[in-house]
Amino acid sequence: MEARRQAFAESDAQHRRWGDFRLFVLAALLVLVYWRLWWGVLFCVLLLFALGVKMQALEDARSRWRRTIEFYETGLERLAGRWAGKGLTGEAFLPAEHLYARDLDLFGIGSLFELLCRARTRMGQSKLAQWLLGPAPFGVVVARQEAVRELSDRLDLREDLAVIVGGNAAEVNSEALAAWGEAPGILVVGHLRPLFWLLSILGLLAIAAFVALLVGVPLPGLRIFALAMVVICGSVFLRYRAQSTAVLEGAEHAVHELALLSAVLRRFESENFVAPELLALQREMQVEGEPPSVRIAQLRRWMDLADSRDHVLLKAAGPVILWDLHLAIGLEAWREKSGPALRRWMDAVAEMEALVSFAGYRYENESDVFPELVAEGVCLEGVGMSHPLMPRTQAVANDLRLGEPLQALVVSGSNMSGKSTLMRTVGVNVVLAQAGGVVRATSLRLTSLQVGASIQTHDSLAANTSRFYAEILRLRDILQQAGEGPVLFLIDEVLSGTNSHDRRIGAEAILRGLVQRGAIGLTSTHDLALTRIVEELGGTGGNVHFEDQLVDGVMRFDYKMREGVVTHSNAIALMRAVGLEV
């Protein structure tokens, strides 16, 4: 960051020097005008034009250095734990119903998505969200790990991606753009293109003839020629008007914000990769002829020309010079040549950006490790696991071992002792592990697991459901998921919305059903009677707990998980600590 600040200071000083020189030239211009030295005036005007170009280039450079400084400032903010609320929250990607996204704080302010995301394009952000919302096959995870390892050290690449093309992340509608590229042609008249060019030239001459007539140039037959060309070109314009309009409106609906997409493609094309996953993505971008970045830039130029149709002069002269028809033919030719590859290019860019997000996180958290993936059985063995959303100075690490024979742990403990945080810690690290990223642990070994969580279930006025009803619906979904494959269940305060008798029977049935289906996981409770469920589960269940101490009227927690059942509660002490007379 300090190096970039120095570069910005030099660029800023250069910008000021050239700005002072431009003021001097402007003053000289005024003096030359006063003395009517017209050759000098012409020279100064040309020099001012050249200086304008130079100043714009310096301003672009200064703006880029400013964005680069912001890139490193943001990275240092993340290292200091001051990142929440300053990045992309990804809330648009939060599904209405999902087995763990809301429970594990995947999206929103202070979320895992906000911590990870470095993607500039909308489709890259969407791809990252997809990876967090479901586990990838082991082979895919291993390939992503290799790619993340390589990208982690490529700081220049990540810096370039963060600062190319200023402004916010582009809202490229990738699905609409891909569908537009794959759609069949509307205006198939390429063989008539030379004729249309000839008519456009004649139409331009007709416009010139009208101007000549207006200024009184007496040329024989000029009026007849001009009227004839207006009729001919107008007829051609009307003949193809509907098709041209359909082509242009379809492109305007689908094609937006291409500058960033072209710049990102160009940067990825120029990189020399080694990891097989990265090489495969680069191959997806390869086509015969011009590279994708050049082709996207060509499409952007066509769309810039299409936007010019609103100019008053083109509105008047457009039908005579067949402006809309040429634009439509050009767009159709581009789509025929490059349209079918659009989806492939955008998918490759999206995956690259998602990998860059994981790589940036790994670079900033060098002590985090890649998990070991196990193909056989059902297991989760974590050493020194802590929560990646918590500052390292505050997070307390715990060990956890689940699998044969121990499948379910009942976590007891007092309020605020760390039960819910433990479950979120386990869940978030498993999500990271199965997406291809590093985890906040000394080591983590796991098999493929679908995550099912019931930590943040809420009542809903709109859906007319109570918290208890919402919870049992979620538990039903987790049980169904467990019937389809290995599941990691994380259930906070199981069935707390009902009486102790029903809770005991229901919780035992749910845990037994999960264990019988081969699931592994944790459930927490304040009700110590539920800790006896372990006896019914035999060797597949166990009890662990968190403790607290009341020191000089202040509750103290060490957030360390211990074996067995907690022996006391702090609820009354907490109530008294906040001033309630209990």
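Mentor: Residues 24 or more positions apart supply 77% of the protein chain's contacts that have a separation of 6 or more, a contact being heavy atoms within 4.5 Å. Keep in mind that this is a predicted model, where local features need pLDDT of at least 70, side-chain atom pairs count only at pLDDT 80 or more, and totals for chains, interfaces and linings use all residues. Numbering starts from 1 along each chain as its sequence is written, and side-chain values use heavy atoms, with hydrogens and water left out.

The protein chain has 21 helices and 12 strands; these are DSSP runs numbered from the N terminus, H or I of at least four residues for helices and E of at least two for strands. Its C-alpha atoms fill a box of roughly 110 × 55 × 55 Å along the principal axes. Of the 582 residues, 48% are buried, meaning under 20% relative accessible area with a 1.4 Å probe, protein chains only.

Who lies alongside? Strand 4 pairs with strand 8 (residues 520–525) in the parallel sense, over five bridges; pairing here takes at least two DSSP bridges between two strands. To find that pairing on screen, look for Ala-408, which stands opposite Gly-521 in strand 8. Strand 4 also runs parallel to strand 9 (residues 541–546), and six bridges join the two. Your landmark there is Val-410, opposite Asn-543 in strand 9.

For contrast, look at an open sheet of four strands, ordered 1-5-2-3, with mixed pairing. Strand 1 (372–373) and strand 3 (398–403) stand at its edges with a single partner strand each, so one side of each has no neighbour in the sheet. Strand 3 pairs with strand 2 (residues 379–385) over five bridges, this time in the antiparallel sense. There, Cys-379 has Gly-403 of strand 3 as its bridge partner.

Terms used: Buried < 20%, exposed > 50% of the residue type's maximum accessible area, 1.4 Å probe, protein only.
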